[in-house]
Amino acid sequence: MRTARDQGALTVRVFAQRFSATRQGARLARMLAGHRLHVWGVPYDSPQGQAVELVVAELTANAVLHGHVPGRKFELRLVRDREAGTVRVEVSDAHPGRPERVAAPPEGEGGRGLLLVEAVGSRWGVAPRRGPGKTVWAEVDCP
């Protein structure tokens, strides 16, 4: 009979949680993501930890502002793959519209979220999800 000790070290860890599609839900998602990364050995103040938190903040803000469907929540999923050296952030919402990078006015406050995700992440994209809506994902290199 095999025991937990026989299985070796875990290389993939997953965190998933649904949040209300509100600013407070997005804030809580970012805070819990930072905590989860810290538990997984990625310190709060490390460049990788800060990059993942920024990606979570931008993608959850987009889910709240542009992907909100009344009565529906958004879901945050984090996947830490030590072997691949990545953290994958997935944010799913019920809105069918696909996110786009747009040219933001220089003095405007918004419109740069996906540009920031692209700048700090290794890659990002949009995938269909089971049921209505989409999943916007991004990966951050985290050796």
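Analyst: What follows covers the salt bridges and then the aromatic contacts. The model is predicted, so local features need pLDDT of at least 70 and side-chain atom pairs count only at pLDDT 80 or more, while totals for chains, interfaces and linings use all residues. Residues are numbered from 1 along each chain as its sequence is written, and side-chain values use heavy atoms, with hydrogens and water left out.

Side chains of opposite charge can pair when their charged atoms come close. Here a salt bridge means a side-chain nitrogen of Lys or Arg within 4 Å of a carboxyl oxygen of Asp or Glu. The structure holds eight of them.

One of these joins arginine 88 to glutamate 90, at 2.7 Å from N to O. For accessibility, buried means under 20% relative accessible area, exposed over 50%, and partly exposed in between, with a 1.4 Å probe and protein chains only. Arginine 88 has 22% relative accessibility and counts as partly exposed, whereas glutamate 90, at 14%, counts as buried.

Arginine 88 also forms a salt bridge with glutamate 139, where the closest N and O atoms are 3.0 Å apart. Glutamate 139 is in strand S5 (residues 134–141) and arginine 88 in strand S3 (residues 86–93), so this pair ties together parts that are 51 residues apart in sequence. Helices (H or I, at least four residues) and strands (E, at least two) are DSSP runs, numbered from the N terminus. Glutamate 139 is buried, with 13% relative accessibility. Through shared partners, salt bridges join Arg77, Arg88, Glu90, Arg123, Glu139 and Asp141 into one network.

The charged end of arginine 88 also sits over the ring of tryptophan 137, 4.2 Å from the ring centre; the criterion is NZ of Lys or CZ of Arg within 6 Å of the centre and within 35 degrees of the ring normal.

Another salt bridge pairs glutamate 53 with arginine 30, their closest N and O atoms being 3.5 Å apart. Glutamate 53 belongs to helix H2 (residues 47–65) and arginine 30 to helix H1 (residues 23–39), so the pair ties together parts 23 residues apart in sequence. Glutamate 53 is buried at 17% relative accessibility, and arginine 30 is partly exposed at 29%.

Turning to rings, a search of the whole structure finds one aromatic pair. Rings of Phe, Tyr and Trp (its six-membered ring) pair if their centres lie within 6.5 Å; planes under 30 degrees apart count as stacked, over 60 as edge-to-face and the rest as tilted. Phenylalanine 19 and phenylalanine 74 have ring centres 5.6 Å apart and planes at 25°, so the pair is stacked. Both phenylalanine 19 and phenylalanine 74 are buried.
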